[in-house]
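Q: Hi! Could you walk me through this structure, starting with the terms you'll be using?

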Amino acid sequence: MRPVAAGALKAAFLVLASMCAWYSGYLLAELIPDAHLSSAAYNIRSLGERPVLKAPAPRRQKCDHWTACPTNSYAYRLLSGGGRDKYAKICFEDELLIGEKTGSVARGINIAIVDYITGKPIATQYFDMYEGDNSGPMMKFIQSAPSRSLLFMVTHDDGSTRLKAGAKDAIQALGSKEIRNMKFRSSWVFLAAKGFELPSGIQREKINHFDNSRNRYAGWPAEIQIEGCIPKDLR
């Protein structure tokens, strides 16, 4: 066969193949619904995409702990006051015992007493330690706590100016190591147990002193906090 004839035959074959391919595509488009074609195109595009994994929102824990306490335990969080408008808080088992929202917080030493056996609050009270003679009533309030109770104490503003020796003795008897170190506007938090012992690993006390060179707020030191979990089966 001559080269010219072979070239013409090859060109005719390519034209015929192109027409067949076009006609096959036309028939396929007529037979398959548009919705299926769109879905197929989307699936092809999705092959190269990485799946987007969304982490679930973290579950809120009692007293705003980062992690949940063990089942057979009580959650607590103590926060001292900081500045004029940042009020002290005492949270126990996700219940705000002392705080601005409860209207039960004020200048001085704020105290909550809880029945260890039932986990129910017994009493809350605040004692102004800047004005008035409230050291004696506070000492009686602390001593009135029944055996096997938990006592939570936090300062707001000043908790030391009119704090007398008898009240210091009562708090020291509960295990405080910082009550005699309290100064003007010291931030202080304290957890105590009456009639039983708390595990040594539990956060019980913290203090931060007034210091003009380091104060976070004008005239006030930074607030401090402790939190943790108290086992329910202590003896």
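A: Happy to. Two strands pair if DSSP finds at least two bridges between them. Helices (H or I, at least four residues) and strands (E, at least two) are DSSP runs, numbered from the N terminus. This is a predicted model, where local features need pLDDT of at least 70, side-chain atom pairs count only at pLDDT 80 or more, and totals for chains, interfaces and linings use all residues. Residues are numbered from 1 along each chain as its sequence is written, and side-chain values use heavy atoms, with hydrogens and water left out.

Q: Let's look at β6. How many of its residues are buried?

A: 8 of the 8 residues of β6 are buried, so this strand is largely enclosed by the rest of the structure. Buried means under 20% relative accessible area, exposed over 50%, and partly exposed in between (1.4 Å probe, protein chains only). S149, L151, M153 and T155 point one way from β6, while L150, F152, V154 and H156 point the other way.

Q: How many bridges join β6 to β7?

A: There are 6 bridges between β6 and β7, which run antiparallel, and F152 stands opposite L191 in β7. β4 is joined to β6 by 8 bridges, again antiparallel. Along that pairing, D115 has S149 in β6 as its bridge partner.

Q: Nice. Switching to N110: where does it sit, and is it buried or exposed?

A: N110 is in strand β4 (residues 108–115). N110 counts as buried because its relative accessible area is 0%. Its side chain reaches the backbone oxygen of A106 at 3.0 Å. For a polar contact, the cut-off is a pair of N or O atoms within 3.5 Å; within protein, one must be able to donate a hydrogen and the other to accept it, and residues adjacent in sequence count only if both atoms are side-chain atoms.

Q: Now the rings. How many aromatic pairs are there?

A: The whole structure has 8 aromatic pairs. One of them is Y76 with F152, tilted, at 6.3 Å centre to centre and 40 degrees between the planes. Y76 lies in β1 (residues 73–79) and F152 in β6 (residues 149–156), so the pair ties together parts that are 76 residues apart in sequence. Y76 is buried at 0% relative accessibility, and F152 is buried at 0% too.

Q: What's the cut-off for a ring pair?

A: Rings of Phe, Tyr and Trp (its six-membered ring) pair if their centres lie within 6.5 Å; planes under 30 degrees apart count as stacked, over 60 as edge-to-face and the rest as tilted.

Q: Which residues do ring pairs link into a cluster?

A: Y74, Y76, F92, Y116, F152 and F196 form that cluster. The charged end of R148 sits over the ring of F196, 5.1 Å from its centre. That label applies if NZ of Lys or CZ of Arg is within 6 Å of the ring centre and within 35 degrees of the ring normal.

Q: Last one: is G195 buried or exposed?

A: G195 counts as exposed, at 55% relative accessibility, and is found in the loop between β7 and β8. Leaving aside neighbours within four places in sequence, G195 is in contact with S147 and R148.

Terms used:
Contact means heavy atoms within 4.5 Å.
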